[in-house]
Amino acid sequence: MNSPAHLFLLLQHGDTFFPSGAVSFSWGLEGAFNEGWVVEKSELADFLEIQLRNRWASYDRAFLQAAHANADNGNVIAELDNLVEAMSLAEEQRIGSRRAGGALLLAHEKLATPGAADYRRQQRAGEVPGHLAVVHGMLCAGLGIRMEEAAVLSAYTCCSSLLGAAMRLSLVGHVESQRILARVGPLIAELIAEPAPTADEASSYTPRHDLASICHETQHQRLFSN
């Protein structure tokens, strides 16, 4: 059973109050909303579930786990980071992941989290891209957060960031967003109970989400970076 101090640590790093920079990103939702693909509450819930099943569980979680397991090996972390860069085809998703990873590194550098300052230096020097999933896995290991806990934090951050964007787009209010969050909770538990793919097995199949991100690049009215 987690100690109160460890539970507090998990709450601190999973809270939207934590300065991770995620509030600037909609992960394709704004593009889908502007194109008229996601305009109903049911469509939003489906959009989030697809993101969790076909992107987070099969792709982000793979790199999160690999980075967590190799947090003390800088060469492996850099290889994982570069692999994410090569596999991120949509420009806004690629840039968004880098910016979110950079914002997370900056916050953790200021908090003196092990490994944060050195990796941020490498990112600023252009030696590594600093993608979010890799950075998050490495930092969680440095904080003593177990892999299963890191996966829950990562999935929750994905949900809270996307639902936060939905509220700012006036798709849903606070209560409805909590209903959707409660709906996907069992799905997240189910996905985490399954073995995570390795980095070599990582894959993503969210064509409409990817297309929404691509369309977003040329849209004039934008609240979010992606």
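1. Helix 1 crosses helix 8 in a right-handed manner; a crossing counts as right-handed if the near helix is turned clockwise from the far one by less than a right angle, and as left-handed if anticlockwise. Helices here are DSSP runs of H or I with at least four residues, strands are runs of E with at least two, and both are numbered from the N terminus. Please keep in mind that this is a predicted model, in which local features need pLDDT of at least 70, side-chain atom pairs count only at pLDDT 80 or more, and totals for chains, interfaces and linings use all residues. Residues are numbered from 1 along each chain as its sequence is written, and side-chain values use heavy atoms, leaving out hydrogens and water.

2. On the geometry of that pair: helix 1 (residues 4–14) packs on helix 8 (residues 147–168) at about 30°, and the axes lie 10 Å apart. Helix 1 is therefore roughly parallel to helix 8, a label for angles under 35 degrees. The axes are lines fitted to C-alpha atoms over the stretch in contact, with angles from 0 to 180 degrees between N-to-C directions.

3. Now the residues behind this packing. From helix 1 come His6, Leu10, His13 and Gly14, which meet Glu149, Leu153 and Tyr156 of helix 8 (contact means heavy atoms within 4.5 Å). By class, the contact has 3 nonpolar, 3 polar and 1 charged residues; Leu and Tyr count as nonpolar, Glu as charged, and Gly as polar.

4. Helix 8 also holds serine 154. Its relative accessibility is 12%, so serine 154 counts as buried (under 20% relative accessible area, with exposed over 50% and partly exposed in between, using a 1.4 Å probe and protein chains only). Leaving out residues up to four places away in sequence, serine 154 touches Trp56, Leu64 and His136.

5. Beyond neighbours within four places in sequence, valine 39 is in contact with Phe33 and Leu171.

6. Finally, the whole chain: the protein has 10 helices and 0 strands. Its radius of gyration is 17 Å, close to the 17 Å that the globule rule gives for 226 residues, so the chain is as compact as a globular protein of that length. The radius is taken over C-alpha atoms, and the rule is 2.2 Å times the number of residues to the power 0.38. Buried residues make up 51% of the 226.

Definitions and conventions
Parallel < 35°, antiparallel > 145°, perpendicular 65-115°, else oblique.
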